[in-house]
Amino acid sequence: MIDIFEKNSFDNIDGGVWKQGWPITYDDSQWNNRKLKVFLIPHSHTDPGWLKTFLDYYRQQTKLIFENMVPKLEEDGRRKFMYAEMSFFSLWWDEIDDSKKARVKKLIQKGQLEIITGGWVMTDEANSHYFAMIDQLIEGHQWLNGTLGVKPKAGWSIDPFGYSSTMAYILREADFSNMLIQRVHYSIKKYLAKEKSLEFMWRQQWDQEGSTDILCHLMPFYSYDAPHSCGPDPKICCQFDFMRLPNNKYRCPWKLNPVAITDNNVGERVNLLIDQYKKKAQLYRSDVLLVPLGDDFRYDTPTEWDLQFNNYQKMIDYLNVHPELKTELQFGTLSDYFAAVYERNNVDEGGRPQVPTLSGDFFSYADREDNYWSGYYTSRPFYKHLDRVTEYHLRSAEVIFTTALAYAKNNMAANFPSATFMQYLVEARRNLGLFQHHDGITGTSKEFVVVDYGKRLVQSINNLKRLIAECSTFLSIKDKVKYDFKPKSHFFNLDEIRDDHDSLPIKTVLEVSKEPSPVLMYNSLSHKRINIVKVYVTSPYIEVTDPSGNVIVSQIDPFFTDKEVIDDRKYKVSFIAEVPALGVSCYHIKQVEENANPLNYLSVVTVYHSTSQQTDEKHIKYFLEEFSIENDYLKVTFSKSTSLITSIYDKDEEVEHQTKVEFVEYTTRRTGDKSGAYLFLPEGEAKVMLYRLPPLTRIIRGPIASEVNVFVPSSVQVHVVRLLNSPGSDGRSVDIYNIVDIRNEIDKEIAVRVTTDINNEDRIFYTDLNGYQMSRRKTYDKLPLQANVYPMPAMMYIEDDKTRFTIISAQSLGCSSLKTGVMEVIMDRRLAHDDNRGLGEGVKDNKATPNKFRFLIEKRKANKPVSIQKPTDLGFPSLLAHHSYAHLISPLFIFPKTSDSIPVILTPTFTPLIQDLPCEIYLLNLRTMQNKDDSPDLKFVPKNTAAMILQQYGFDCGYPAKSLTCNTNGGQVTFAKIFKDIVVKEVKSMSLTLMYEREKLDLETQISIKPMEINTFRITFQSTSN
Ligand SMILES: [Zn+2]
């Protein structure tokens, strides 16, 4: 792809009937020996939420598609149909009786109905995180396997707005051989079409051997609808969408209507159609042609089934008796098509046909002119943030539930509520899965649909938090038989509560007294964590003891209810907590007399540029010069006029890095197409937001943490810069926290701009794909500004030969590097206009939105090779950046005690692992397998097996891994040596989504996970109770 961006001129010449292409001609003699084999592929694209909510779409449209599908396919064995979204399909399955289920199974067996992809949804590929992408695919595949016994073989992704190579990797690891994509930049389609490269082996950038290759078919034209599917001329293809016959629901905008096929016109109609087929076939190397026949929510009436299938059948019959037309037409599915491609290439299924290899991704997407779909990288950032919060709750809940369940079974803890929790998990998997839909996390649904998604996510967050709190309690109890689950009373509180889908969480306050109150901390990562934690308490005079009973250093910060108003009933206490891998630590906090604890420090607070009338005159301060905060490793300096960062000093390296932070804004174009939920169409470059008076600034300094709060008089309401004095990795970066509230603006986009002294030549920068891999980007003058904006689901960096500056992000947003040394992240956008892609409204439901970043500056040490042989332009985060990101998105869970007294004894530290997993291994999931979904008795009875998904990070070891609490060993794991008390009975290596068994592993043998690889293992636990 890098090559294509360099070589392609991105011009937009009118190509005639195929506007974005060229006039296609062909020589009919090419089919003299072998006919053109055409597969007509009926399908229906059903969005699980967009203009209607998921359930409304189901009740009003999708259900009708399924209901008509069964009898209409049964009517004629030659008919075929494909379907993709398991979220809808499973709803229907639960409603139908056994005889209908049997009929569906039969249609699948006969190959008339094919389930493609089989994910919970057709995921967005720009904003989604690989945890959720994989999880929704596992959920769909597990559901299919448990109910229909079906294993999908081909991926079908016609509507997401640009494509990530992460999805290609995921499908490949799920043992798919083929996939199809559609929404790719029109100019790149044309470029690939010219080279007959619309079918290619999609290879991961880091793959040297081709082991990740998957055959990918890219559709050539503007859209996946029927007018843009049969050939280059939409006004002709439209006449072959028989649902557009007069008196039906749809029309042809080209003013040439379809005509029903009769004995009289069939010859003329067939000739018109196959001319389009033959032209389209010129764009591909094989003489097999794929022609989708469908659109959004199609085939919902018996009439449509009859119109499409009967009219086409007449043409199929005609072609069968007219061999001189050299075309063979049949109904087919995606797998039928690919099977024919392999056959005509004389290779086995899953082999390598005569196609080129391509690496990279397909961002940013433009469907016409300069209409780049780079706005949706940021649209509805509140919910993009909520997505990551749900994800870390789900991942943590999966891991602790599996651990706790194994302990419960081993310890005969009959009161462990395994079915209740399994239900929480299954619902959360599905709610999170639903939100990965390409109108969910993208922020491109109608306002009330966004509310529906938000409510589902928040309900799951609250359930999962309760699950994690209970499992932490259970695992901390010494005698587990004594554990008793009471749904209405708990020993430990949640540290924060979310009241509604659109509000920020409210912190729980621990009522401290002279009796030490326990506070549990849970660490869902597979290495020990030493992190600074914060607990809200009712007194400033306290004593914190660690699990061994030692009093440790604590810092008390006041609790501000407003810029300058302090609530003297609440305080924040910060201290350094140490929690073992997948373990729980119990700290205690008690109230002491004033000055009785020499290790408890009250932080020093200074307020500058106060405007408050109440403040005592003598406290009003103005900065005379720039100011700073520091910890053991870093010193951050701020401007005296703007109170924003100007530089970061690295104490280890004794280097000062220019780091100028500014807030900037884009306005939308005044004429022509406007920015909307999908599109970003700015009126030129962003302008720096200037303010008349220096902003109110609050500085808090203490031995544990120091922070600067800037109350920017603009849409960036609060900007917090925090330095943690931690020996862990959180001490190595600068934490940034903003609350953006753009509700007083319209047609504006707010960004944070960071100007550094890094010389990233050619404006090359790196952004991640789904948090899984980094992709090299370059800012081109030949492209408009909005084309140079890319998704940043997790991080971006720029570097020169000495230094790398990484911005790590806790939420997915759009980013760019428009000038050398400069990075920009768009934080929110509020838009009055619809951008003409079907949504029918702007984006105006903004709310106060949190966003969290980390700035990490690293100095390159020698030109060490990266952990994978580094081909040109391949980028990897450092190991520290990986850990910093994992810590940012999954903070320790903190559970302060409730007022109920605890009748059982708690262990100070619960440590389930024999030793930490190596530093470069990430435990992506430890997911208890669900029982048969369509059995009411077994539905939420968890199985004794779990999917352990392990990944080895690909990392750049040119940057030293500082402050990590684990060791590297080249990605080695021995299953017998992971868990301390849980006995693992059997481990099998599986395909990614557990559809296929690979091999049974010897528990004592060390296995190794290769860099970048994600491997799934099915673990069966020994249990005394089964
Ligand atoms: Zn869609």
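Leu582 counts as buried, at 3% relative accessibility. In this predicted model, Leu582 sits in the loop between strand 19 (566–579) and strand 20 (584–591). Its phi is near 55 degrees, a positive value in a residue other than glycine.

Asp175 also has a positive phi without being a glycine, here near 70 degrees. You'll find Asp175 in the loop between helix 6 and strand 5. With a relative accessible area of 30%, Asp175 is partly exposed. As background, most residues other than glycine have a negative phi, and most peptide bonds are trans.

Ser364 belongs to the loop between strand 10 and helix 12 (381–410).

| Residue | Phi | Relative accessible area |
|---|---|---|
| Leu582 | near 55 degrees | 3% |
| Asp175 | near 70 degrees | 30% |

Five strands make up an open sheet with mixed pairing, in the order 4-5-7-6-10. Strand 4 (154–157) and strand 10 (357–359) are the edge strands, each with a single partner, so one side of each has no neighbour in the sheet. From one strand to the next, the twist averages 30 degrees.

Strand 4 and strand 5 (residues 178–181) run parallel and are joined by 4 bridges. In one of the pairs, Ala154 has Asn178 in strand 5 as its bridge partner. Helix 6 (residues 165–173) lies across strand 4, strand 5, strand 6 (199–203) and strand 7 (214–218), and it runs at about 130 degrees to strand 7.

Then there's the metal. Which residues coordinate the zinc ion? The donors are His45 (NE2), Asp47 (OD), Asp159 (OD) and His438 (NE2), at 2.0 to 2.1 Å. Along the chain, these donors follow the spacing H-x1-D-x111-D-x278-H. The angles among the 4 donor atoms go from 92 to 163 degrees, and the site is irregular.

Zooming out, the chain is divided into domain 1 (10–24 + 32–117 + 152–352), domain 2 (506–602) and domain 3 (608–877). The centres of domain 1 and domain 2, taken over C-alpha atoms, are 59 Å apart.

Notes:
Residues numbered from 1 in each chain as written. Predicted model: local features only at pLDDT ≥ 70, side-chain atom pairs only at ≥ 80, totals over all residues. Heavy atoms only, no water. Domains from an automatic or database assignment. Pairing = 2+ DSSP bridges. Helix = DSSP H or I, 4+ residues; strand = E, 2+ residues; numbered from the N terminus. Axes fitted to C-alpha atoms, helices over the stretch in contact; angles between N-to-C directions. Contact = heavy atoms within 4.5 Å. Donors = N, O, S within 2.8 Å, 3.2 Å for Na, K, Ca; no water. Tetrahedral: all angles 85-135°; square planar, octahedral: opposite > 155°, others 65-115°. Buried < 20%, exposed > 50% of the residue type's maximum accessible area, 1.4 Å probe, protein only.
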